[in-house]
Amino acid sequence: MKKILARYLIFTAGLYLLSLGIVLIIRSALGTTPISSVNYVLSINTALSLGTCTFILNIFLIAGQFWLIRGMSSRKKIVEILLQLPFSFVFCAFIDSNMYFSSSIIPPNYFASIFLLLIGCLIQATGVVLEVKPNVVMMSAEGFVKYASDRYNKEFGNLKRKFDIALVILAVIISLVMSKHIEGVREGTIVAALITGTIVTFISRKLLTRHNYYRIRNRK
């Protein structure tokens, strides 16, 4: 029971760092991450907060997962998907709280924006590692891609890249329709897409190895 609790605590810490990284990338004023692009564009063109927009999209992705497992569902899959709901709520609450507490962060120049972008990518990557290592719950975007790859027999990594690209394109379209120009998608979006995976791999293989993860978990 203690180890299970530790896994969920580590996972929750990962969600917080993931949300903080996303918010810092946004505060860099150089765009946002591909996975948050649609949510961010909607939030700056409506009265809804970024966390609220993220939760709404997560609900659609969760519903999409139930559609993807039709005909091959199991109790385990259903529970795995349903568990995403409370953690999506927690994640979105983290996003809104971090957006609130970081509202005064305004980079004074482009170099400061780049620095903040890189710090955000590093924190986001750390959050991803802490989210994945405990192996407890998938977030809705990863879950959607996983079940899509299972259903259509596609490689997860390739499908995830296509999914991210589709989100960015959709964000651009929504921005053009709602504000007549592109907002929220800039060079920082491309940088985040290119380097976050590399940072995740480095942290996972060199810093938070399986041995180090078990040491952290067993101290909880």
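**Exercise 1. State which elements the protein chain has, and in what order they run from the N terminus on.**

Solution. Step 1: from the N terminus on, the elements read α-α-α-α-α-α-α-α-α-α. Step 2: the count for the protein chain is 10 helices and 0 strands. Here helices (H or I, at least four residues) and strands (E, at least two) are DSSP runs, numbered from the N terminus. Step 3: the radius of gyration is 17 Å, close to the 17 Å that the globule rule gives for 220 residues, so the protein chain is as compact as a globular protein of that length. The radius is taken over C-alpha atoms, and the rule is 2.2 Å times the number of residues to the power 0.38.

The model is predicted: local features need pLDDT of at least 70 and side-chain atom pairs pLDDT 80 or more, while totals for chains, interfaces and linings use all residues. Residues are numbered from 1 along each chain as its sequence is written, and side-chain values use heavy atoms, without hydrogens and water.

**Exercise 2. Find what share of the 220 residues is buried, and what share of the contacts with a separation of 6 or more joins residues 24 or more positions apart.**

Solution. Step 1: buried means under 20% relative accessible area, exposed over 50%, and partly exposed in between (1.4 Å probe, protein chains only). Step 2: buried residues make up 44% of the 220. Step 3: a contact means heavy atoms within 4.5 Å. Of the contacts with a separation of 6 or more, 78% are between residues 24 or more positions apart.

**Exercise 3. Determine how many salt bridges the whole structure holds, and describe them.**

Solution. Step 1: a salt bridge is a side-chain nitrogen of Lys or Arg within 4 Å of a carboxyl oxygen of Asp or Glu. Step 2: the search finds 3.

Step 3: Asp-150 pairs with Lys-146, with the closest N and O atoms 3.0 Å apart. These two residues are separated by about one helical turn, because they are 4 residues apart in helix H7 (residues 140-152). Asp-150 is partly exposed at 42% relative accessibility, and Lys-146 is partly exposed at 28%.

Step 4: Asp-164 meets Lys-160 at 3.0 Å, N to O. Both lie in helix H8 (residues 156-179), 4 residues apart, about one turn of the helix. Asp-164 counts as buried at 18%, and Lys-160 counts as buried at 16%.

Step 5: Glu-187 pairs with Arg-186, again with closest N and O atoms 3.0 Å apart. Glu-187 is partly exposed at 29%, and Arg-186 is partly exposed at 39%.
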